[in-house]
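Trainee: I am new to this one and would like to look at it with you. Could we go through it together?
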Amino acid sequence: ADTVSVGLDRLEAEGKERKVSLSADAKASLFSRSAGRIRVPVHLEADAAFPERRDDAFEMQVDRLSLQVSTIDLKGSGDMVFHADSTEIQADATIEKCPLGQLLAEYQVNFPVLKKVRTDAVLDLDAHCDGVLAEGRLPRINARLQIPDAYLDYEGLGRRGQVSLDVDAVTDEELKLDLDLNRVLVDIVGARVDLKGTAADVTGDDPFFALSGNVRARVDSLTRAYTADRGITGTGSITASLNGQARLSHLTPGNIGNADIKGNAVIRDLSVDDTKDGLKAWVRKADLQLETKGNRIDDNLRRGARVLALDVTLDTLDATYKGGTFIRGKDVRVEAQNSAAILRGGKELTPLMGVLTAANLTMRDEEGTAIGLRDNRETFRVTPSTKDFRSPKLNLTSESVGVRVRSGSNGVLLRNFKFDVTANKHLLAERTSARLNHFMDSLQRVWPGVPRDSLMAKYRRGHPR
C-alpha cells in the first residue's frame with residue numbers, strides 16, 4: 001500500500017509585539033510499489049501579524065508567505081478575520097515561472113518515461129480569494145493558469161513540438177465553477193491541436209460547454225510514433241475543425257440532436273499499410289462533416305427535426321486484404337443520422353438511419369467471387385424491435401442501376417436491381433441467463449447447504465450423460 005511520511009529538519013520561530021516569523025525545512029516521502037520512494041523537499045518562510053481588534057474577532061495578517069515544494073515556488077499574502085460563526089478571507093497567491101522541465105527531471109528515477117521528455121515550459125499562476133467562509137458560503141476565487149509558448153520534445157519522435165496553455169477559473173459563494181480556456185495548444189508527434197472554449201457551472205447538475213478548435217496532422221508521423229512497431233505505416237494529411245456547444249445532458253445518444261455541433265475533416269492522399277494482417281488501403285480524398293442540423297434525408301421523420309448527422313464522401317477507395325480480397329469504389333458517400341424525436345414508449349435503443357451511394361463499387365472475396373455495383377444506393381435504418389425495445393431491427397433497401405456478379409468463368413448481369421431486407425437481433429443470451437438463474441434457484445432449494453458455484457457440478461455428478 002502507498003504510505004506518506006513527513007520529516008521536519010529545521011524550524012525557527014521569532015515573535016515580537018504581536019508579530020511572528022517562521023522558517024522551516026522538511027522532507028515529505030511518498031512510497032508506492034509502482035514508483036518506489038518519492039522524496040519532496042519543502043521550504044517555508046512566513047511573516048504574520050495579529051493586530052488588536054475592538055470586537056471579539058481574531059485577525060491574522062500574513063504579510064509574506066513563501067512555500068517551496070520541489071521546484072514549485074509559491075508566494076502569498078492575505079488577511080483572515082475569525083468570527084464565532086464565520087471567517088473573512090482576503091488572500092493572494094502566485095507562482096512565477098516554475099520550470100516544468102526541472103520538475104520532471106527531479107523524478108526521472110521514479111518515473112523513467114520522464115527521461116525522454118525535454119521542455120523549456122514554465123508555469124505561472126495568479127490566484128485571488130475574497131469572501132466569507134461559513135455554513136453554506138464559500139469565498140470567491142479567481143485564478144489564472146498559464147504556460148507561455150514553449151518547446152516540448154519527446155525522445156525518438158524526430159521533431160520538436162510546442163505547448164501552450166492559458167486558463168481562467170472563477171468560483172462564487174456557492175462553489176459554482178466557470179472555466180475559460182483561452183488557449184490550449186499541443187503540437188507534437190506530427191499533430192497540432194489548437195483549442196479554446198468555456199465551461200460554465202462545471203460543478204452543477206447540468207454544466208454547459210463550448211469548444212472551438214483546429215487539428216492538423218501528418219499520418220506518416222503518427223504511424224511512425226504509435227503503430228510502426230506493430231507493422232502499421234501510413235502517409236497522408238488530415239485537417240479538421242470543430243465548433244460546438246452543449247449541456248452535459250445533451251451528450252447522450254438520445255439527446256445529442258439538442259446540442260449545437262459542427263465539425264469537419266479533410267483527408268488527402270491517405271495510405272495505410274498493415275504488413276502483419278496483410279491490409280492495404282488508399283483514399284485520394286475524403287471529406288467528413290459531423291453536425292447537428294435539421295433532418296432532410298429521413299422520410300419517416302419530420303423534415304427539419306434536429307438530428308446529429310454524419311456525411312462522409314470518398315472520391316476514390318481502394319482496400320486490399322491479403323492480396324485477393326478487395327473493395328474498390330468511386331464517388332462513395334455515406335450519410336447517417338440519429339434523432340431523439342423518434343424515441344417513443346421508453347425505447348432504449350436510439351434509432352439510426354443512413355444512405356450510402358456510390359457511382360461504382362466493386363468487391364471480391366478470397367474465393368474469387370466479385371460483385372460490381374453501378375449507381376448504387378443503400379438505405380438502412382436501425383430501430384427498436386416492436387417486440388423488444390432493447391433489440392435492434394435492421395431495414396435495408398438496395399437499389400442499383402447495374403449489378404455484375406462473376407465467379408470463375410460464370411457471370412450474371414442485372415439491370416435496375418432492387419431488394420429489401422429486414423432482420424431482427426434476438427437477445428438470446430439474456431433469456432438463456434434468466435432461465436439458468438431460475439434453474440440454479442431450483443437446485444439451491446434442493447441442496448441449500450451447497451455453495452451456489454458448486455451446484456452445477458453436484459447436479460452433473462448425479463445425472464451423468
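Mentor: Welcome! This is a predicted model, where local features need pLDDT of at least 70, side-chain atom pairs count only at pLDDT 80 or more, and totals for chains, interfaces and linings use all residues. Residues are numbered from 1 along each chain as its sequence is written, and side-chain values use heavy atoms, leaving out hydrogens and water.

Trainee: Which element of the protein has the highest mean pLDDT?

Mentor: pLDDT is the predictor's confidence in each residue, from 0 to 100, and the protein averages 88. Elements are DSSP runs numbered from the N terminus: helices (H or I, at least four residues) and strands (E, at least two). The lowest mean, 74, belongs to helix α3 (residues 428-446), and the highest, 96, to strand β5.

Trainee: Is T119 buried or exposed?

Mentor: T119 sits in strand β7. Buried means under 20% relative accessible area, exposed over 50%, partly exposed in between (1.4 Å probe, protein chains only). T119 has 14% relative accessibility, so it counts as buried.

Trainee: Which backbone oxygen does the side chain of T119 reach?

Mentor: Contact means heavy atoms within 4.5 Å, and beyond four places in sequence T119 has contacts including L100, L104 and Y151. The T119 side chain also reaches the backbone nitrogen of A121 at 3.1 Å. At 2.6 Å, the backbone oxygen reached is that of Y151.

Trainee: How exposed is F417, in relative accessible area?

Mentor: F417 belongs to strand β22 (residues 410-424). Its class is partly exposed, because its relative accessible area is 32%.

Definitions and conventions:
A polar contact is a pair of N or O atoms within 3.5 Å; within protein, one must be able to donate a hydrogen and the other to accept it, and residues adjacent in sequence count only if both atoms are side-chain atoms.
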